[in-house]
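I opened this entry to record what I looked up in the chain, starting with its surface and ending with single residue pairs.

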Amino acid sequence: IGVAQLALRNYLDEATAMPRPALIPLRDGLNTGMERCTELLDERTNAPAMPPLRELYLEAERHLAQAHDPDADVILTECDLLVDGTNTIGELLSAPRIRVPRRDERVG
C-alpha cells in the first residue's frame with residue numbers, strides 16, 4: 001500500500017494540474033478503510049464495516065473517463081492497488097481467528 005501511495009503522489013506531482021473532485025470520495029473511503037484496519041488491529045470487535053472501496057473506485061473511474069483525464073490510467077492503476085490492498089487487509093483482520101494451542105498446552 002505504501003509503495004502505491006508513494007507512486008501516486010510522485011506521479012501527481014508531474015501530472016496535468018487539474019481539479020479531480022471525482023477522487024475525493026475514493027480518498028475519503030481509503031482513509032476510512034485504513035482507520036477501520038487500525039481498529040481491527042487493535043482487536044476492537046465493534047469496529048464498523050469497511051467502506052465500499054471497490055464501488056468508490058468504479059465511480060471515480062467513470063468520472064475520470066467522462067472528464068477525459070489524460071492521467072486517468074496511471075491514477076487508476078495506483079488507486080486500484082490501494083483499494084485491493086486496503087480491502088485485503090480489512091478482510092484478513094476481520095476473519096475469525098483460530099487459536100493454536102501452545103506446545104505446552106498440547107495433549108500427548
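**Surface and burial.** I looked up the accessible surface of the chain, which comes to about 7600 Å², with 56% of that belonging to carbon and sulfur atoms. Accessible areas come from the Shrake-Rupley method with a 1.4 Å probe, and for residues only the protein chains shown count as cover. The chain has 108 residues, and buried residues make up 31% of them. I use buried for under 20% relative accessible area, exposed for over 50% and partly exposed for in between (1.4 Å probe, protein chains only).

**Source notes.** The model is predicted: local features need pLDDT of at least 70, side-chain atom pairs count only at pLDDT 80 or more, and totals for chains, interfaces and linings use all residues. Residues are numbered from 1 along each chain as its sequence is written, and side-chain values use heavy atoms, with hydrogens and water left out.

**Secondary structure.** I find 4 helices and 0 strands in the chain. From the N terminus on, the elements run α-α-α-α. Helices (H or I, at least four residues) and strands (E, at least two) are DSSP runs, numbered from the N terminus.

**Contacts along the chain.** I took the contacts with a separation of 6 or more, and residues 24 or more positions apart account for 74% of them. Contact here means heavy atoms within 4.5 Å.

**Helix 3 and helix 4.** Two packed helices are described by the angle between their axes and the distance between the axes. At what angle do helix 3 and helix 4 pack? Helix 3 (residues 53-66) packs on helix 4 (residues 72-94) at an angle of about 175°, with the axes 10 Å apart. The two helices are therefore roughly antiparallel to each other. Angles over 145 degrees count as roughly antiparallel, under 35 as roughly parallel, 65 to 115 as roughly perpendicular and the rest as oblique. Axes are lines fitted to C-alpha atoms, for helices over the stretch in contact, and angles run from 0 to 180 degrees between N-to-C directions.

I listed the residues that make this contact: L53, R54, Y57, E61 and L64 on helix 3, and A72, I75, L76, C79, D80, V83, D84, T86 and N87 on helix 4. By class, I get 8 nonpolar, 2 polar and 4 charged residues in the contact. Ala, Val, Leu, Ile, Met, Phe, Trp, Tyr, Cys and Pro count as nonpolar, Asp, Glu, Lys and Arg as charged, and the others, Gly among them, as polar.

**Salt bridges.** The structure holds 7 salt bridges. The criterion is a side-chain nitrogen of Lys or Arg within 4 Å of a carboxyl oxygen of Asp or Glu.

- D84 and R54 form a salt bridge, the closest N and O atoms being 2.5 Å apart. D84 lies in helix 4 and R54 in helix 3, so the pair ties together parts that are 30 residues apart in sequence. D84 is partly exposed at 36% relative accessibility, and R54 is partly exposed at 24%.
- D71 and R20 meet through their side chains in a salt bridge (2.9 Å, N to O). D71 lies in the loop between helix 3 and helix 4, and R20 in the loop between helix 1 (2-14) and helix 2 (24-41), so the pair ties together parts that are 51 residues apart in sequence. D71 is buried at 7% relative accessibility, and R20 is buried at 14%. I also note a network of salt bridges linking R20, D69 and D71.
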